[in-house]
Amino acid sequence: QVQLVESGGGLVQAGGSLRLSCAASGTIFSFKTMGWYRQAPGKQRELVASITSGGSTNYVDSVKGRFTISRDNANNTVYLQMNSLKPEDTAVYSCYADWLDPGGYFLEWGQGTQVTVSS
């Protein structure tokens with residue numbers, strides 16, 4: 001069984017920074033992709049950033065240059081460093097991880113952590 005545990009959310013003023021962490025536990029040798037989605041009230045969930053096991057990254061345009069995703073493969077942990085935060089970044093941020101094993105393709109989610117940016 002795989003579990004993802006997030007930490008690092010909170011309340012910050014516009015222009016400030018937060019760092020989210022997501023630690024994956026379980027008997028998975030290697031996760032393919034890890035990343036972060038966010039969902040703001042009344043809006044669709046969107047992929048914020050992702051990173052492959054090889055280190056390739058992908059960002060939604062609205063966070064490019066402000067957010068940085070990184071990954072510690074040895075500890076199955078993914079991080080999201082968020083700088084120059086804006087009120088429109090306010091959302092519940094959820095991490096995910098996917099993997100392959102003989103049973104097929106799997107994806108798991110974290111419980112979500114609230115990020116609130118005040119103006």
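Tutor: Let us begin with D89 and R66, both of which are buried. The model is a predicted one, in which local features need pLDDT of at least 70 and side-chain atom pairs count only at pLDDT 80 or more, while totals for chains, interfaces and linings use all residues. Residues are numbered from 1 along each chain as its sequence is written, and side-chain values use heavy atoms, with hydrogens and water left out.

Student: Why does R66 count as buried?

Tutor: Buried means under 20% relative accessible area, exposed means over 50%, and partly exposed lies in between (1.4 Å probe, protein chains only). R66 has 11% relative accessibility, so it counts as buried.

Student: How is E46 classed, and why?

Tutor: The relative accessible area of E46 is 27%, so it is partly exposed.

Student: And why is Q13 called exposed?

Tutor: Q13 has 60% relative accessibility and therefore counts as exposed. This residue lies in strand β2 (residues 10–13); strands are DSSP runs of E of at least two residues, helices are runs of H or I of at least four, and both are numbered from the N terminus. Q13 touches V117 and S118, not counting residues up to four places away in sequence, where contact means heavy atoms within 4.5 Å.

Student: What makes the pair D89 and R66 a salt bridge?

Tutor: In general, side chains of opposite charge can pair when their charged atoms come close. A salt bridge is a side-chain nitrogen of Lys or Arg within 4 Å of a carboxyl oxygen of Asp or Glu. The N to O distance between the side chains of D89 and R66 is 2.7 Å, and the pair qualifies. D89 lies in the loop between β8 and β9 and R66 in the loop between β6 (57–59) and β7 (67–72), so the pair ties together parts that are 23 residues apart in sequence.

Student: Which residues are linked in a network of salt bridges?

Tutor: The network links R38, E46, R66 and D89. The side chains of R38 and E46 contribute a salt bridge at 2.6 Å, N to O. R38 has a relative accessible area of 7% and is therefore buried. The structure holds four salt bridges.

Student: What makes a polar contact for the side chain of D98?

Tutor: A polar contact is a pair of N or O atoms within 3.5 Å; within protein, one must be able to donate a hydrogen and the other to accept it, and residues adjacent in sequence count only if both atoms are side-chain atoms. The side chain of D98 makes such a contact with the side chain of Y105 at 2.8 Å. A polar atom of the D98 side chain also lies 2.7 Å from the backbone nitrogen of T33.

Student: How many aromatic pairs are there, and what makes F31 and W99 one of them?

Tutor: Rings of Phe, Tyr and Trp (its six-membered ring) pair if their centres lie within 6.5 Å; planes under 30 degrees apart count as stacked, over 60 as edge-to-face and the rest as tilted. The structure holds five aromatic pairs. F31 and W99 are 5.5 Å apart, centre to centre, with 85° between the planes, and they form an edge-to-face pair. F31 lies in the loop between β3 (18–25) and β4 (33–39) and W99 in strand β9, so the pair ties together parts that are 68 residues apart in sequence. With F106, these residues form one aromatic cluster.

Student: How do you know that the charged end of R19 sits over the ring of Y79?

Tutor: The term requires NZ of Lys or CZ of Arg within 6 Å of the ring centre and within 35 degrees of the ring normal. The charged end of R19 is 4.1 Å from the centre of the Y79 ring. Likewise, R45 lies over the face of Y37, at 5.1 Å from the ring centre.
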